[in-house]
Amino acid sequence: MRPPERIEIPEAEDLRRERFARILAVLIVVATLGVASVEFLHSIADKSADAASVEAQRLSIERQGALVRAEDAARAQIDIYAYQQQERAQQANAFQEYLAPSVTSGSTQAQLLQLEENRWTTLAALTGDLTSIKAGGATSPQQDAAFPNQLQSQSEQDADRLFALEDAQNQQRSDWQGRSGFLSVILTMLAVAIYLFGLSLTLQARVRRWLVTLGVVLVAGGGVATVVLLFAAPAPVPDSAADSYSRGVYALNTFYTKPGDQGLKEAYDDFSKAIQERPRFAQAFLQRSQVQFLLGSPQRQAAVVSITTAAQLQAQGNDLQQAYDLGLRDKLLLNNLAANRLLLAVTQNQPSRYSEALTYVNAALALDPNDPLLNYNKGIALLAQGNTDQAAQAYRDAVAHTVFTDVAHKTARNDSAAEENYVSGALTPLDLLVKYRPELMAQAKAMKELIVNGVDRKQAPPGNAGTMKVSELDVFPAELQWKAKIDGVDPSTANISTQWYYQDPQKLGWSVIPSISGIAVKATPGVTVDNAAYQDLCATCASDDYFLINSSLKTAGQCLQPGQYKVEVYVNGHLGATGSSDGTNPPLQAERMADLGMDFCRPAAWSQDSTNTSPGFSTGFTTKDGSTGAYFVRFQNPETAPGTDPATEAANIRDEMLTVFANVLPSGAGTPTIDCGTNTNGTNTLPFGPTLDANCNRSSAFFLGLTGAVETWYDYNGGMLHIGTGIAADGAVLGAFTFGPSSQWQSSTEPAPDVIFDSIVYTG
Amino acid sequence: MSEPVPPPYVPEEVAAREPEDRFRTWVAIGIAIVSILGAVVAFSGTLAGQTARQLDQSGIEDTSRQQQIITDLSGTVEEDLRNLAPYQEAIKAAGVLQSQAATLSASDPSAAAQLRNQAESYMVLARTRAQFFRGAFPAPGPSDGPVQYDPRAALQRLENQNEQLSELRPAATLAQADAKHAQGVNLVGLVTLFIAALLFLTLAQFTRPAIRRVFAGAGAFTATLAVVLWIAVLLTGSS
């Protein structure tokens, strides 16, 4: 008989180990279950991020397509509108031919010309039905000073909406990716916990308890974090935010078509609504920041703006900061933040803002080191901090990037308008700096000379400055003129650069008017060319008297607003002289008439008389009641007999013009009669100044600088008109008259209708 | 003479453990099977994710191509619109000239003939212009109204006629991608279920005999449910 097998009774330690191992096994499986659950959430987050990313890409592609199609459609509408205008010009040509002296009234030729005029009228009306641009409509050149900007902005609204939707999807993607990142951290915690549980099986009692405890803490922490994340899922973005955004962009792009601040306020409301609907809409904050700035700025038409009120500057800064905090880091935002901090530093005496501005400007320069404006902003920040040498270097870099698009290869920009925009963007803040920090006047002057000389004289060393003193600065409705004494240098060979400044009635600061500033062109003898220095040949003038005139209407299609004007004239790179004057003209808006070869400034309330508008021949603008207005005509082929004196021809056309337009004067006006003024000491003079010749025409009439110019004043029942005619270089006769009730002419200074008359400029 | 062999001695405790050991063995086998199934499901989830990403890419490419074609066709319609004004001018001028000629025919036959000649010239211009319409041909419209051309209808017609465009279904492809993504997520979810089964089976392995069968049952149920759902996901995913 065999003894029974030996049964081993486990010792207490072994039993404890076994129990511990079992617990660990369960813990490992629990942690693994946690891993699987978190991975499930992780894959949901990844899926949602992928879906948002794909949707953003799809919207981006659709946006590009929509944008191209919208622009093409707008261009097609413009082409049809242009075709209609061409037909209307054909109609006007037929009418002009009918008026020609060679056409006998009642003849077959006259009959055919009238039929032709009717035919073109019908055809133009039918073509007008094919385009969305209606004469006098919101998108027409009459209502849109920047035609066809309004039409294009309108057609791009859908693309803007798609952009906002794409941006929302990108935000969703980013949110889901962030969540995915957190879940990855939790997964790592659980993986470490599992490792610790496994490792603890091989170790001694005390250490393994610590490891297991740590593992349990990690599992518990991961669990709690997962539960928290479950309740913080990214919320979907409402599409209505995109609608508000696109409306805001449209309102911002077309704000100038609305009176006063209305357009900007609409843009502000739309962007605010977009932000309310999507509080993390960084692009809406960026766009609203631009609205905030413009709401306080007199520089609404400028490409580079630097002047605004303190409140609006602060509001702009807040919006820019919001956009930055929401993660936006594009060049526009960084540059605007830098500019905002600079302006806050300068205008509100916050020196700490300079280093903040430098941080942003350096970040923007990292994105685009070739942008001249960024270098100019860097220059002024360094200058204000007292680092004059570094500032000068920054300005030299900026000048190089202004003159060359590729500094390393010396590729010239060859765009004087863009260069002057950059110069104005540099000079305006320097002027502002001197206003608030007069102790920096000398340094600012040196930097201004560095900039103007560098850009206008293509970095040539400064030359002979001579001596110069501005004697007069004239502000007309559409033109600025300086008169000065220049000695020691020949203005016909010297580089003369004029920088015109404007300060609004609120006196927020001087800003350069880039459209009419820049280096002077060579003077042409016999005619007065814009932006050329001429010797002043007036009766009382000396040989060192010079003048220069710049037309903002001709150059930029803008009339000069009430406020102060200042000029800085640089001779061969040196700041030669300055002068200033008040602009007392009423607020006027530009009206461009390229088909007639004339532009003028008119009150905003006037509207076009469509009945008497024939492209290429005539147009007119009046107040609603028709009591005040202006009419223009161009007889392209006046059929003048050879050898006719230009002044006689001009006078004949003047009379014909008055006949043709007799019906536009207020009812009861009767037939206008020439006003010969009052005879004083043998000279006929009108109460408001002009002297008249023996024929009661203005002495030395200038009308647009045309040959044989004739200007005359006529009285009619209840009012008066001022008419001028003259012959252009191509033989066409141009004529214009302004009229208004008697009350407007009873003035010792220039009467309102004459202010309008004097704003007319010849454009060719 | 040989003695009879006594039966082997088996202690009572050992005899009682035998069915338990068998039970544990089966549970261990279950754990192994569920682990393998979980791994396979995770792998199929990864594959579904890869397919979804490929479909995403394909959907984006199709969207791009679709937009390109629509923009191209839209350009054709815009070209028609540009051609419309001169065409209309020619055809309507011809009509107006004919009617003006009619009014003059009695009083001034020579001028009327001149106008008729001009009308014919305009008809030639209109015919020349007409051949350049590519989207749709405009209807002449009423005598005192414009020619009729519906750009929306013309674009719609061009889109319908474009074979390439009709073959592109970016929305369907992206929807398919979305479904594949969802399948991938569901499969990852099923892995969780398999691991839950593992948890139950592990507990069945280690807990007291009185409740281990409950855990084993729960584990088996969870694993079976996971397998059924897996099949369902595969079936709905492939449909």
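Modeller: Let's start with α7(A): its buried residues pack against α6 (240-253) and α8 (282-295) of chain A. Helices here are DSSP runs of H or I with at least four residues, strands are runs of E with at least two, and both are numbered from the N terminus. Contact means that C-beta atoms, placed from the backbone, lie within 7 Å.

Colleague: Before we go on, what kind of model is this?

Modeller: This is a predicted model, where local features need pLDDT of at least 70, side-chain atom pairs count only at pLDDT 80 or more, and totals for chains, interfaces and linings use all residues. Residues are numbered from 1 along each chain as its sequence is written, while chains are lettered from A and ligands numbered from 1 in the order in which they are written.

Colleague: Back to α7(A), which residues are buried?

Modeller: They are A:G263, A:L264, A:A267, A:Y268, A:D270, A:F271, A:A274 and A:I275. A residue is buried if 20 or more other C-beta atoms lie within 10 Å of its own, exposed if 12 or fewer, and partly exposed in between, with C-beta atoms placed from the backbone.

Colleague: And how much of chain A is buried?

Modeller: Buried residues are 49% of the 764 in chain A.

Colleague: New topic: what is the strand order in the open sheet of seven strands?

Modeller: In chain A the order is β14-β15-β16-β23-β22-β21-β17, with antiparallel pairing. Two strands pair if DSSP finds at least two bridges between them. β14 (607-608) and β17 (673-674) of chain A are at the edges with a single partner strand each, so one side of each has no neighbour in the sheet.

Colleague: How many bridges join β15 to β16 in chain A?

Modeller: Five bridges join β15 (residues 618-622) to the antiparallel β16 (residues 629-635) in chain A. Within that pair, A:G620 is opposite A:Y631 of β16(A).

Colleague: What about chain B, how many residues of chain A are in contact with it?

Modeller: 44 residues of chain A are in contact with 44 residues of chain B. On the chain A side, α1 (12-99) and α2 (108-128) each supply at least two residues, and α1(A) gives the most, with 31 residues.

Colleague: Last one: what box does chain A fill?

Modeller: Its C-alpha atoms fill roughly 165 × 65 × 50 Å along the principal axes.

Definitions and conventions:
Two residues are in contact if their C-beta atoms, placed from the backbone, lie within 7 Å.
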